[in-house]
Amino acid sequence: MKLSVLDQSVIAAGETGADALRKTVKLAQAAEKMGYNRFWTAEHHNTNGMAGSSPEILISHLASQTTSIRVGSGGVLLPQYSPYKIAENFKVLEALFPDRIDLGIGRSPGGSAHTRLALTDGVRKSLNEFPRQVRDLQRYLTDKDQTVQAYPTTKSLPEMWMLGITHRGARVAAENGAAFTYGHFINPYNGQRALEQYRRDFQPSSLLARPKVNVCIFVVCASSKEKAEEIALSQDAWLLAVEKGGDTRIPTIEEAKRRIVTQVDKERVRDNRKRMIVGTPQEVKDKLFALSEAYQTEEFMVIANVHSFENKVESYARLAEALL
């Protein structure tokens, strides 16, 4: 099994955005040493709890601070931007770091209506244009546009991945011959249908000859079940805050215990646990292999949004020891 990392550069309570970004770099370096396959950054806007608002800049820095791990985006919010400019950004990255760059794109609006308008400089862009933008982006990456070229010319090309949480997103990825990442950490209910549709409808492209998939999931791994459950509490409380539109910095375990008190919140935490695996290395290994069989994939992107950086690194280390 291949393991990769998605890191959202989430800010822990009591720390700053700069702290979160520095820890993202440290995590990428640690993940490389542990044998992880990819390290992806996220894109979020207008939130006090996530420092990763510019994946291209962060990717460049991460790639310069590592030597072999693939580095990419999970993902660039294509509907808000120019496909041509994204192609230029990632061709520059590919020229600087050959065969190490992944271009992950998503259809997300990027936040509230006001946030999206700020991203598009006031232009009301339709999300329905996404399939056309995907095709344009591929054309610029592969130098197929005869009128406008995206430079620099590179010997290799970034791997292009499309992120999705529905069978509709899977179909767009399949029809355009892009690799597909299913977001189990967002929607744990539709993965098998989405991946079945992706494989059934896949059409080879100049970027990819055969279907290629991975699945992203929250994982908290520790020496004992009890320790893993306690560490995961900060992630549970963080997810509740994200859903409620509150403070999206990751609380301490003590603060998380104070927050998760109502029956409604406890029920929501139980439901959110379907988006993650929490347990010992053996428990996590068994559940990942079961999901691997269900999803027919050999690669998982792992995300761990817990308060303690030391607990986060230990979680990734124990997982690597069990599976790599």
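**Ring pairs and salt bridges in a predicted model**

Tyr198 is buried, with a relative accessible area of 0% (buried is under 20%, exposed over 50%, partly exposed in between, with a 1.4 Å probe and protein chains only). The model is predicted, so local features need pLDDT of at least 70 and side-chain atom pairs pLDDT 80 or more, while totals for chains, interfaces and linings use all residues. Residues are numbered from 1 along each chain as its sequence is written, and side-chain values use heavy atoms, without hydrogens and water.

What lies beside Tyr198 can be followed through its ring. The structure contains 8 aromatic pairs (rings of Phe, Tyr and the six-membered ring of Trp, centres within 6.5 Å; planes under 30 degrees apart are stacked, over 60 edge-to-face, the rest tilted). In one of them, the ring centres of Phe180 and Tyr198 are 5.5 Å apart and the planes meet at 25°, so this pair is stacked. Phe180 belongs to strand β7 (residues 179–183) and Tyr198 to helix α7, so the contact ties together parts that are 18 residues apart in sequence. Helices (H or I, at least four residues) and strands (E, at least two) are DSSP runs numbered from the N terminus. Phe180 is buried as well, and its relative accessible area is 0%. Ring pairs also bring in Phe202, which forms a cluster with Phe180 and Tyr198.

How are the planes of Phe218 and Trp238 arranged? They stand at 80° to each other, with the centres 6.5 Å apart, and the pair is edge-to-face. Phe218 sits in strand β8 and Trp238 in helix α8 (residues 225–244); the two are 20 residues apart, and their pair links distant parts of the chain. Both of these residues are buried.

The next topic is charge. Side chains of opposite charge can pair when their charged atoms come close. The model has 28 salt bridges (a side-chain nitrogen of Lys or Arg within 4 Å of a carboxyl oxygen of Asp or Glu). One of them joins the side chains of Lys91 and Asp143, at 2.9 Å from N to O. This pair also links distant parts of the chain: Lys91 is in helix α3 (residues 83–96), and Asp143, 52 residues apart from it, is in the loop between α5 (130–141) and β6 (159–164). Are these two partners buried or exposed? Lys91 is buried, at a relative accessible area of 0%, whereas Asp143 is partly exposed, at 28%.

A salt bridge also connects Lys212 with Glu159, with 3.1 Å between N and O. Lys212 is partly exposed at 29%, and Glu159 is partly exposed at 22%.

The salt bridge of Glu255 and Arg258 spans 2.8 Å from N to O. Both residues are in helix α9 (residues 253–259), and because they are 3 residues apart, about one helical turn separates them. Glu255 is partly exposed, at 26% relative accessibility, whereas Arg258 is exposed, at 55%.
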